[in-house]
Amino acid sequence: MGNSALKSHLETSQKTGVFQLTGRGLQEFPEELQRLTSNLRTVDLSGNKIEVLPAAIGNFLHLKSLTLNSNRLTSVPCDIGKLKKLETLSLNGNRIHQLPPTLGQLKALRTLCLAGNQISEFPPGLAALRQLDLLDLSRNQIQNVPAEVSELQAIEINLNQNQISVLSAEVSRCPRLKVLRLEENCLELSCIPLSILSDSQVSLFSVEGNLFEVKKLRDLDGYDKYMERFTATKKKFA
């Protein structure tokens with residue numbers, strides 16, 4: 001992409017606070033954006049070939065939404081934790097293995113999307129994200145949902161298409177969790193904690209494509225209580 005096109009995008013962004021440059025084959029985060037650190041609220045660089053998110057991303061203190069889906073990122077810099085106003089972070093379809101502990105400092109974050117990466121362990125430290133509504137970790141390589149998940153504030157957790165064979169019963173203690181997606185994993189029926197059915201807030205528990213027939217869920221203790229929540233939620237949105 002020529003300099004004149006980039007210049008024109010930068011001029012527009014200065015007025016709108018939005019910088020969107022998708023599918024242009026960019027190989028690095030545009031350095032020129034540093035001139036707009038006080039203006040930018042939204043950055044979308046999806047569908048490029050960016051391999052590194054620079055530490056300088058921490059300078060964009062007014063950023064509310066950062067999207068770099070379908071790039072070639074392998075990591076996220078610690079400086080991301082400086083973005084105290086960030087509400088949406090979407091890094092789907094990259095090559096990220098793990099997240100920095102500073103991610104827990106994103107106090108305003110509501111949506112965290114990391115689908116289609118190479119994450120093999122449930123990321124620690126997310127309980128610090130007190131505003132988090134949606135956590136999408138689908139299409140990764142996670143095998144175990146640990147007890148610490150009980151402290152997450154998320155309303156929806158998407159873990160579809162991982163390799164999960166262990167699901168901690170503590171997930172039923174998530175205070176706001178309404179939607180838990182675990183489709184196409186490696187769960188046996190005996191691995192499903194009954195407390196998710198009987199003692200949680202979960203009103204949509206999605207487990208198709210595991211190592212048991214979904215209709216077998218009906219035989220488990222607490223299934224009736226789960227169905228009451230499921231039906232009540234359905235009526236609310238009907």
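Arg 139 lies in the loop between strand E6 (134-136) and strand E7 (144-145), where a strand is a DSSP run of at least two residues, numbered from the N terminus. This is a predicted model, in which local features need pLDDT of at least 70, side-chain atom pairs count only at pLDDT 80 or more, and totals for chains, interfaces and linings use all residues. Residues are numbered from 1 along each chain as its sequence is written, and side-chain values use heavy atoms, with hydrogens and water left out.

Reader: What is the phi of Arg 139?

Author: Most residues other than glycine have a negative phi. Arg 139 is not a glycine, yet its phi is positive, at about 55°.

Reader: Is Gln 161 buried, partly exposed or exposed?

Author: Gln 161 lies in the loop between strand E8 (156-158) and strand E9 (166-167). Buried means under 20% relative accessible area, exposed over 50%, and partly exposed in between (1.4 Å probe, protein chains only). At 35% relative accessibility, Gln 161 is therefore partly exposed.

Reader: Which helix gives the most to the lining of the largest pocket?

Author: On a 1 Å grid over the protein atoms alone, a pocket is an open set of points with protein on both sides within 12 Å along at least five of seven lines, and lining residues have an atom within 4 Å of a point. The lining includes Arg 229, Phe 230 and Lys 234. With seven residues, the main contributor is a helix (a DSSP run, H or I, of at least four residues), namely H3 (residues 223-237).

Methods. On a 1 Å grid over the protein atoms alone, a cavity is a set of points where a 1.4 Å probe fits but cannot get out, and a pocket is an open set with protein on both sides within 12 Å along at least five of seven lines; lining residues have an atom within 4 Å of a point.
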